[in-house]
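Please keep the sequence and the 3D view at hand while working through them.

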Amino acid sequence: PAVVQAVIEACLKNGAVPAQNGEFSKRAFVNGKQNLTNAEGIIEMIEAETASAAKAGAALMENKLGKKIVDLQDRLLDLVSAGEVVLDYPEEDLEMPTGKQILHTLQEIRDNLDGLIRTSTLGKVARYGIDVAIVGAPNVGKSSLLNALLAEDRAIVSDICGTTRDTLKESVGYKDIKFNFVDTAGLRKTENVIEQEGIKRAIAAANSADVVLNVTDNPADRSVFPTIKPQIRVFNKCDLYAELPCCDDSLIVSAKSGNVDVIKETLYDMFCAGDIQSADVMVTSERHLECLKRAESEINDAIAAANATTMDIVVTSMKQAWATLGEVTGTSATEDVIDRIYSKFCLGK
Ligand SMILES: Nc1nc2c(ncn2[C@@H]2O[C@H](COP(=O)(O)OP(=O)(O)OP(=O)(O)O)[C@@H](O)[C@H]2O)c(=O)[nH]1
Ligand SMILES: [Mg+2]
């Protein structure tokens, strides 16, 4: 509105400064009212497309990960101060933890970090869903399968081999998560350069997916798709058979009749997505995961040094791990990391 615009302009002319993205939230952080993980949890909740993503964001916002990090930092700090005393007053007969006790606590901290790191597989499913590439020979019904999985007429289907040229990615919600399906060009030897490019993209899609659906319409087909990713064989067009052929190692479906839920249920179970609702803490952020892995490696350095009874290296590595953990909650995060996080907020928030 013109009046609002005029008021804003008058304010700016008289020295007011417009708020930046995330400015007020950043002030809350600077003033110790929230930590970085609280802020990241809010962003995850705003961006959440599924109930699982919202749950993971809420847990982060409620400081569940933050509390565990602070707890581990406290334990480390106890060890650091004990180690420093041993270094500074080697002759004194102080009641200090023995090298064995330090080692034991370090191992416990490492195991805790390892447990947190392992939750990132489930965290990724909760936040981003499961990436599924649909691959196979031309005409087996990959695009039809995509349409049936989406319950939407999205991809072009025809009985001409080589109909799909480019990859086509679409997401669909299932229970409390989502699947990100990628339809791909049929794989075959071809002189057509466009089709060759499509096949290259199909292989790349398979290699960057979490799991591959290797589709066939031939029950005797036992070919394996060349990928490092786990694959599930899907036998499509079962409606063409009066008696179902025996293929124990395949999911038997018909894109035509729309009977494809077994694929979704199998994928859901394969990634233990049912565990998301009962999970206490899940690591959902690449930033957190990177810090946790780095801290774990620093703790491993400390353990190696403790085994070799070089206390000065033990203390240095423990201090490093303590600071690395602080990057998660923000106590030792650099200014540019903090700015990047708060800039994700809408204007002024
Ligand atoms: N009877 C039957 N026909 C199917 C089924 N699924 C697909 N078809 C038919 O198979 C033909 C090929 O289907 P598409 O989905 O285009 O196959 P595609 O694997 O994507 O093929 P390309 O894109 O060429 O690699 C079409 O005529 C579909 O109608 C099915 O479950 N049952
Ligand atoms: Mg196709």
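**Aromatic rings and the sheet**

At 0% relative accessibility, Phe-181 counts as buried. The model is a predicted one.

Q: Is Phe-179 buried or exposed?
A: A residue counts as buried when its relative accessible area is under 20%. Phe-179 has a relative accessible area of 0%, so the residue is buried.

Q: How is the pair formed by the rings of Phe-179 and Phe-181 classed?
A: A pair of aromatic rings is described by the distance of the centres and the angle of the planes. The centres of the Phe-179 and Phe-181 rings are 5.6 Å apart, and their planes stand at 40°. Planes under 30 degrees apart would count as stacked and planes over 60 as edge-to-face, so this pair is tilted.

Q: How is the pair formed by the rings of Tyr-174 and Tyr-268 classed?
A: The ring centres of Tyr-174 and Tyr-268 lie 5.8 Å apart. Their planes meet at 80°, and because planes over 60 degrees apart count as edge-to-face, the pair is edge-to-face.

Q: Which helix holds Tyr-268, the residue that pairs with Tyr-174?
A: The pair links distant parts of the chain, with the two residues 94 residues apart. Tyr-174 belongs to strand β2 (residues 168-174), whereas Tyr-268 belongs to helix α10.

Q: Which strands are the edge strands of the open sheet?
A: The sheet is built from 6 strands in the order β2-β3-β1-β4-β5-β6, with mixed pairing. An edge strand here pairs on one side only, and the edge strands are β2 and β6.

Methods:
Residues numbered from 1 in each chain as written. Chains lettered and ligands numbered in written order. Predicted model: local features only at pLDDT ≥ 70, side-chain atom pairs only at ≥ 80, totals over all residues. Heavy atoms only, no water. Phe/Tyr/Trp six-rings, centres within 6.5 Å; stacked < 30°, edge-to-face > 60°. Helix = DSSP H or I, 4+ residues; strand = E, 2+ residues; numbered from the N terminus. Buried < 20%, exposed > 50% of the residue type's maximum accessible area, 1.4 Å probe, protein only. Pairing = 2+ DSSP bridges.
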